[in-house]
Amino acid sequence: MIRLGVIGNRDYPDLGSVLKRLLAMAPTLGVDMHLEANLMEFARDHEHLLESGAEIDALLTLGGDGTLLRGARFLGGREIPILGINLGRLGFLSACSP
């Protein structure tokens with residue numbers, strides 16, 4: 001089981017639908033998602049709160065470049081892969097769109 005941390009920016013209107021789609025797919029892909037506190041309302045039955053970079057194998061950021069940079073700071077120098085999903089318009093640092 002892959003432990004995936006998720007950090008998101010609530011300012012993007014698509015955040016909820018993208019997150020709900022990911023949560024629905026995660027069990028079939030062998031992914032255990034750990035959500036930051038401000039995302040827990042999108043997953044009421046979800047029990048894994050993201051508290052530390054030490055508890056995850058990879059990090060997913062949902063937002064823009066600022067969200068990706070916030071995710072990198074959260075990891076505190078740990079060598080953990082980050083995938084940035086751009087929910088905005090430009091997203092120089094993000095790898096893909098929803």
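**Labels and the values behind them**

Modeller: Let me start with Cys96, which touches Leu83, Gly84, Ile85 and Asn86, not counting residues up to four places away in sequence. Contact here means heavy atoms within 4.5 Å. The model is predicted, so local features need pLDDT of at least 70 and side-chain atom pairs count only at pLDDT 80 or more, while totals for chains, interfaces and linings use all residues. Residues are numbered from 1 along each chain as its sequence is written, and side-chain values use heavy atoms, with hydrogens and water left out.

Biologist: Where does Cys96 lie? And why does Cys96 count as partly exposed?

Modeller: Cys96 lies in the segment after β4 (82–86). Strands are DSSP runs of E, at least two residues; helices are runs of H or I, at least four; both are numbered from the N terminus. The relative accessible area of Cys96 is 30%. Buried means under 20%, exposed over 50%, and partly exposed in between, with a 1.4 Å probe and protein chains only. So Cys96 is partly exposed. The C-alpha atoms of Cys96 and Ile85 are separated by 5.2 Å, though the two are 11 residues apart along the chain.

Biologist: What makes Thr61 buried?

Modeller: Thr61 has 1% relative accessibility, so it counts as buried. Thr61 lies in strand β3. Leaving aside neighbours within four places in sequence, its contacts include Ile7, Thr67, Leu68, Gly71 and Ile82.

Biologist: How is Ile2 classed, and on what value?

Modeller: Ile2 has a relative accessible area of 45%, so it is partly exposed. Ile2 is placed in strand β1. Beyond its neighbours within four places in sequence, Ile2 is in contact with Gly30, Val31, Asp32 and Asp57.

Biologist: How many salt bridges does a search of the whole structure find?

Modeller: The search finds three. A salt bridge is a side-chain nitrogen of Lys or Arg within 4 Å of a carboxyl oxygen of Asp or Glu. Side chains of opposite charge can pair when their charged atoms come close.

Biologist: What makes Arg3 and Asp57 a salt bridge?

Modeller: Their closest N and O atoms are 2.9 Å apart, and the limit is 4 Å. Arg3 lies in strand β1 (residues 2–8) and Asp57 in the loop between β2 and β3 (58–63), so the pair ties together parts that are 54 residues apart in sequence. Arg3 is partly exposed at 32% relative accessibility. Asp57 is partly exposed too, at 33%.

Biologist: How do you know that Glu41 and Arg10 form a salt bridge?

Modeller: The N to O distance is 3.2 Å. That pair links distant parts of the chain: Glu41 is in the loop between β2 and β3, Arg10 in the loop between β1 and α1 (15–29), 31 residues apart. Glu41 counts as partly exposed at 43% relative accessibility. Arg10 is partly exposed at 38%.

Biologist: Which residue forms a salt bridge with Arg70?

Modeller: Glu36 does, with the closest N and O atoms 2.9 Å apart. Arg70 lies in helix α2 (residues 65–75) and Glu36 in the loop between β2 and β3, so the pair ties together parts 34 residues apart in sequence. Arg70 is partly exposed at 30% relative accessibility. Glu36, at 11%, counts as buried.

Biologist: Why is Asp32 said to have no salt bridge?

Modeller: The nearest side chain of opposite charge, Arg3, is 6.7 Å away. For charge, Lys and Arg count as positive and Asp and Glu as negative; His and the chain ends are not counted. Asp32 is buried and lies in strand β2 (residues 31–35).

Biologist: What joins the side chains of Asp32 and His48?

Modeller: A polar contact of 3.1 Å. The term covers a pair of N or O atoms within 3.5 Å; within protein, one must be able to donate a hydrogen and the other to accept it, and residues adjacent in sequence count only if both atoms are side-chain atoms.
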